[in-house]
Number of protein chains: 2
Amino acid sequence: LCLLDPSRAEVFASTFGRLAPDLPFRCFRSEDPARVRYIITRVPAPALAQLYTNVDAIFSVMAGADALINAELPQRIALVRMVEPGLIGMMRDYAVMATLALHRELPHFLARQRERCWAPISPVPASERRVGVLGLGVLGTTVIDALRPFGFQLAGWSRSKKDIINVPCYEGADGLRVVAARSDILVCLLPLTPETHRILGADLFRCMPPGGRLVQVGRGPQLDECALLAALDSGHLRAAVIDVVEPEPLPREHPLWLHPGVILTPHIASQTRGETAAAAVIDNIRRVQSNVAPIGLVDRQCGY
Amino acid sequence: LCLLDPSRAEVFASTFGRLAPDLPFRCFRSEDPARVRYIITRVPAPALAQLYTNVDAIFSVMAGADALINAELPQRIALVRMVEPGLIGMMRDYAVMATLALHRELPHFLARQRERCWAPISPVPASERRVGVLGLGVLGTTVIDALRPFGFQLAGWSRSKKDIINVPCYEGADGLRVVAARSDILVCLLPLTPETHRILGADLFRCMPPGGRLVQVGRGPQLDECALLAALDSGHLRAAVIDVVEPEPLPREHPLWLHPGVILTPHIASQTRGETAAAAVIDNIRRVQSNVAPIGLVDRQCGY
C-alpha cells in the first residue's frame, strides 16, 4: 500500500509494475486492509496500525528515522528509513558545495556583490582548513570521502566509536568538544534523536575556533537558530550554510533569512529519487520476505 | 631581481634565502643591472630589456601568459608563467564549488532567500548533468579529475587535440559548438589569446541548451558581458558564476553586479601562493641553468 502524494505514487506504481509485477500494489487505500503487509509513506500516522492490522513493515521515503519513531507504532512492525543511492549522491553534492563555499568565503563575496564592492581577499589552501563531519553513517562517510581529494584536514564524530581510514574519529560528549575545537568548518549530518536536539547551540559554537563556519544538513530541531545568530553577530563564527530549520518553511520575519553571513536553502540538500527509492523498497520487501533485515531498518532504542 | 610588491617580495626573499642561498637575490633594484640574469615580476614592463641587458628569463607570478607576451620583449628572453601546486589547487576548489553551485541552483535559492521566500525545487542528480570544460591544460585537466567523482557527464575542449581517459574531448571551432550544445554547465579555463578574446559571446551561448549555465574562471576579455546578460534575460541561459571581467574592478554601475542569475567574485578563484611560487621559480632557475626548459615556458606563437 502506497500512501505517497500522487506524482510520487505514480513513479512508485510504474517502478513496481516493471520490477516487481508479482507484488500487488495499491495507492491511497486498499479494499481489504487486513491483507496489507507493507506500507510506503513519508510520515506514518499512528492510526495506521489500527486500520492495517497485519502490516509487517513501514517504509518511509525519508532518510531520517525520527518521524517513524515518533509515530509510536507497535514494536512488531519493522520501521525502515530510506537508504538509496540518489539521496546519498545529492547529499554529497550539496555538502561539498556548502563546505567549499564556506572555505572560499562565498557569503562574504555575495554580501560585497550586493554592495557592488570589488573586495578580493586571498584564498586559503584547503590543506590549511580543518573540516569536522558530525555523523558517520552512510551519508557522513560518503561526504568525508568526497572531501578527501581537496586535501582538507578532516575529522569525524559520532555517538559510538567509528574507524575511518586516515581520518581521526571521536565519540561521545567529550569527543564532540574536541572535534568542534579543531574544526574551521563543521558539517552536521546527524540523525535527529533526543541527544542531538539543539546540539548545534551556544555550547558547541563556543568550542569552535574564532572564524568557525557551520554547514547544517541534518535536521531542523538540531539547530538553535538564536545561538547561531548570536555567534555570527559577535564575530565568533564567520558564516553558515543552512538547509534545514524549525519550523519549515522558516517564518518570513525570522532574522536568519537576511543575515549576511548565512546562505539558507529550503530543505533541498537531498531528496529521495522516485525511481531509485522504489527500487530500494522492492529490494527491502524481498529481504523481509526472505527473513533478512532490510537496509535502513530503524533501531527504536538508538533512535536511528 | 624581484620586482613584486613588498609583502610578496619578502616571502620570496626568505624562501630564496632558505632554499637557494647561492642565488644572489635583489629586490626592486640592482646596483649593477648588467648582472641581472633572472627577473621575477607580475606584469613585465617593455623597458626591462633596455635596462637589464643580460636577462635570460622573466618569471611571472601569474598563471596567464598574455601579459608576458604583450610586453613584446626580445625573443632571446625566455618568458615563464607560473605553474605551482597552490594555484592549481585553489582553481580546483573554486571551479568545483562554482560547478556544484550552478548544478544545485544556488543563484535561484540566493535570490529567493533575499525575498524571504521558501521555494524548494527538486534537485537533479549529477549523473543527469552535462559539464563541458574549455581549456585542457594543467588547470582544465585538474578540474575534470576533481569533477569525476560526482558522476557528471563530462566533456572537454581545447584548441588542439587532447586525450583524457573516459572524457570525450573536442577541438577547433566546430568542436567548440559541439561541446557547447551538449553542456548544461560550461567551465571556461582557457588562456587569453587573440582566438579566445570574446569567445564567451552570443554565438557560443546560442549553441548551449536552454537553461545552460556558465562558470568563467579564465580571463576577463574572454567574456562578452552584454551577451551574457542578454542570454540570461532572455531566459536562454539560467545562471553564471563569474570570477574575471574586463575591466577589473568592474565599474559600480555595471548591471552584472546585481543580476539575480549571477554570482560575481573579485578575481579570487586562484592566486599564486608566495612560498610555493618562490620554490617553483627556484626550481625553474635551476632548470634554465642546466639548459632544461623551465615549467611554464611560454610559446609566443601559441600565445600560452
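**A residue and its setting**

Guide: Apart from residues up to four places away in sequence, Gln222(B) touches Cys188(B), Leu190(B), Pro191(B), Leu192(B), Thr196(B), His197(B), Arg198(B), Ile199(B), Leu200(B) and Gln216(B), where contact means heavy atoms within 4.5 Å. The model is predicted, and local features need pLDDT of at least 70, side-chain atom pairs count only at pLDDT 80 or more, and totals for chains, interfaces and linings use all residues. Residues are numbered from 1 along each chain as its sequence is written, chains are lettered from A and ligands numbered from 1 in the order in which they are written, and side-chain values use heavy atoms, with hydrogens and water left out.

Gln222(B) is placed in the loop between β8 (212-216) and α9 (225-233) of chain B; helices (H or I, at least four residues) and strands (E, at least two) are DSSP runs numbered from the N terminus. With 0% relative accessibility, Gln222(B) counts as buried (under 20% relative accessible area; over 50% is exposed and in between partly exposed, with a 1.4 Å probe and protein chains only).

From this residue we turn to the pairing of the chains. In chain A, 51 residues are in contact with 52 residues of chain B. Of the interface residues of chain A, 100% are also interface residues in chain B, so the copies meet through the same surface. About 4,600 Å² is buried between chain A and chain B, 66% of it given by carbon and sulfur atoms; buried area is the accessible area (1.4 Å probe) that two parts lose on being put together, summed over both.

Two salt bridges are found across this interface, a salt bridge being a side-chain nitrogen of Lys or Arg within 4 Å of a carboxyl oxygen of Asp or Glu. Arg273(A) forms a salt bridge with Glu128(B), and their closest N and O atoms are 2.9 Å apart. On the side of chain A that touches chain B, α4 (85-103), α5 (106-114) and β10 (262-264) of chain A each supply at least two residues. The largest share, nine residues, comes from α4(A).

Chain A is superposed on chain B by a rotation of 180 degrees with 0.0 Å of shift along its axis (RMSD 0.0 Å). The two copies are thus related as by a two-fold rotation axis. Copies are superposed by least squares on the C-alpha atoms of residues with pLDDT of at least 70 in both. Among the residues of chain A, Met97(A) comes closest to the rotation axis, at 2.7 Å (C-alpha).
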